[in-house]
Amino acid sequence: MTKTLPNYMVSFANFYEREEETRKSYQAALSQFGYVHAVEVPDEFDHSSFLSRFGTFYPGPSRKLVDDIMPEPGMDDVYYGSNRKALLPHTEGYEFSGLPPRYLALWCVTPPVGPGGETTLFDTQPLLESLSLPERKDLQNRPFSWVSSAGLRRNGLGQEAKHPILGDINGSALLRFSLNNILIPEGSEYAMARSFLERIQRAFEGRHLAINYKRNDMVHWDNWRVLHSRNAFADPQRHLKRIQIRDLSDAREAMGHDR
């Protein structure tokens, strides 16, 4: 009996026999939910080549196109993506001077032994569509300072930029989000931004999806609308690969800004 997968999951077990159908199902899930989880991925599958159709890869703070996400010794005392502690919900690249990556993808080289280590995802699109006009204008027009994580700053890879929380890029909504690396000054004029962050956090806590990894599994999401985080884990052998993907219509290099 064939196992029925949730709609956000796509089996790659027969990818080479049913490539076109698999790609269509994958794109449909990514468009509908903002994320897709590829499972039953064969060992010979080329994750990087498959993802290249979604845009150009570009490096993040580490300057690598394909990052190895593994716990780094001596870094468990700070907030950092390459340790074993939990991460707060966020989008990636909020501290970049230009546009953040449109897509992020992770695939599993070595899943963790024991509990924890899940990637958690939450699609903010319904909540963004429910914003009132005053809320939307405030979030689009009021810039804030954003800084890199404490771990990146310790490693000399920190960046800082100033952006509003919401943007509009060629008709596509762009959300930048962090609970601990956005600098919001004191004052009643910032109450709407604080309320928005709190509302998103509550929604994330109540409705996020947790991805348990098996070897070769791939998770791919729209970074302009989907928040991600990670549950804490103990196994130091947990190993993921990560790629950041520039949107196909991203004029970042020519424009130098996003507004």
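Contact here means heavy atoms within 4.5 Å, and helices (H or I, at least four residues) and strands (E, at least two) are DSSP runs, numbered from the N terminus. This is a predicted model, in which local features need pLDDT of at least 70 and side-chain atom pairs count only at pLDDT 80 or more, while totals for chains, interfaces and linings use all residues. Residues are numbered from 1 along each chain as its sequence is written, and side-chain values use heavy atoms, with hydrogens and water left out.

Select helix α4, residues 133–141, where Glu-135, Asp-138 and Leu-139 are buried (under 20% relative accessible area, with exposed over 50% and partly exposed in between; 1.4 Å probe, protein chains only). These three lie on the same side of α4, because they cover an arc of only 95° around the axis, taken from the directions from the helix axis to the C-beta atoms. Leu-133 and Asn-141, on the other side of α4, are exposed.

Next, show the side chains of Arg-199 and Glu-135, which meet in a salt bridge at 2.6 Å, N to O (a side-chain nitrogen of Lys or Arg within 4 Å of a carboxyl oxygen of Asp or Glu). Arg-199 lies in α6 and Glu-135 in α4, so the pair ties together parts that are 64 residues apart in sequence.

Finally, go to Pro-100, in the loop between β5 (87–90) and β6 (103–110), which counts as buried at 2% relative accessibility. Its contacts, not counting residues up to four places away in sequence, include Tyr-58, Leu-174 and Trp-224.
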